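Reader: I am new to this structure. Please pick a single part of it and take me through that part closely.

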Amino acid sequence: MSNAPAENSKTEEIVNEEEIDLTAANQIIDKYLTLPGNLMPVLQGIQEEYGYVPKPTIDLVAERLNVYPSQIFGVLTFYAQFHLKPRGRYIIRVCVGTACHVQGAPRIVDTFFEKVGIGHAETTPDLRYTFEKVACLGACGMAPLAMVNDDTFGKMTVQKVDEIVAEYNQRPMK
Ligand code: FES
């Protein structure tokens, strides 16, 4: 885990250097261009297409919708649904709410950190995983609780972390 931030910033550099194909972003803008209140659906469409909102698409949206990039950044940072950095194909969430905490969530978190090699809100360089500690997921009876994308795993143990990571390591990236 100690070298994760360095690896993460390396990932960001690589991604920032990458050319983003703006064809899909242009098509999304075309679809909403003449509609009032089109900024949100355009940004949502872009995030759905790219998995996050890449910087070049922000410049494109600003130019084509005639809004300031700062306004777009305001929207992107206000709403938690938007991400400015690439996210993993698989989003691991571990609940650290009270019920899960007392049932051993810290150990589950640490074991995921060890197995996946990233910390909270980080993404692996290969973009397979993003890891997040989250507040109560509303299923305290199954504490401690973890999720991978939409799959829920209750009564988590260290052994289950091993099994989950082994399974998702085999899953496709598309
Ligand atoms: S505290 Fe974890 S699901 Fe409620």
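Author: Leaving aside residues up to four places away in sequence, Arg89 touches Leu127, Arg128 and Met173 (contact: C-beta atoms, placed from the backbone, within 7 Å). This is a predicted model, in which local features need pLDDT of at least 70 and side-chain atom pairs 80 or more, while totals for chains, interfaces and linings use all residues. Residue numbers start from 1 along each chain as its sequence is written.

Arg89 and Arg128 stand 39 residues apart in sequence, yet their C-alpha atoms are 4.9 Å apart in space. Arg89 counts as partly exposed because 19 other C-beta atoms lie within 10 Å (20 or more would be buried, 12 or fewer exposed).

The chain around this residue has 174 residues, of which 21% count as buried. Its secondary structure comes to 8 helices and 5 strands, and from the N terminus on, the elements follow the order α-α-α-α-α-β-α-α-β-β-β-β-α. Of the contacts between residues at least 6 apart in sequence, 62% join residues at least 24 apart.

The buried residues of α7 are Ala105, Ile108, Val109, Thr111, Phe112 and Val116. They lie on the same side of α7 because they cover an arc of only 165° around the axis (taken from the directions from the axis to the C-beta atoms). Among the elements covering these buried residues are β1 (90-95), α6 (98-102), β3 (129-134), β4 (146-148) and α8 (158-170).

Of these, α8 can be followed residue by residue. Arg107, Ile108, Thr111, Phe112, Lys115 and Val116 of α7 meet Val158, Val161, Asp162 and Val165 of α8. The axes of α7 and α8 come within 9 Å and cross at roughly 35° (lines fitted to C-alpha atoms over the stretch in contact, with angles from 0 to 180 degrees between N-to-C directions). Just past the end of α7, Gly117 has a positive phi of about 80°.

Terms used. Helices (H or I, at least four residues) and strands (E, at least two) are DSSP runs, numbered from the N terminus. Two residues are in contact if their C-beta atoms, placed from the backbone, lie within 7 Å.
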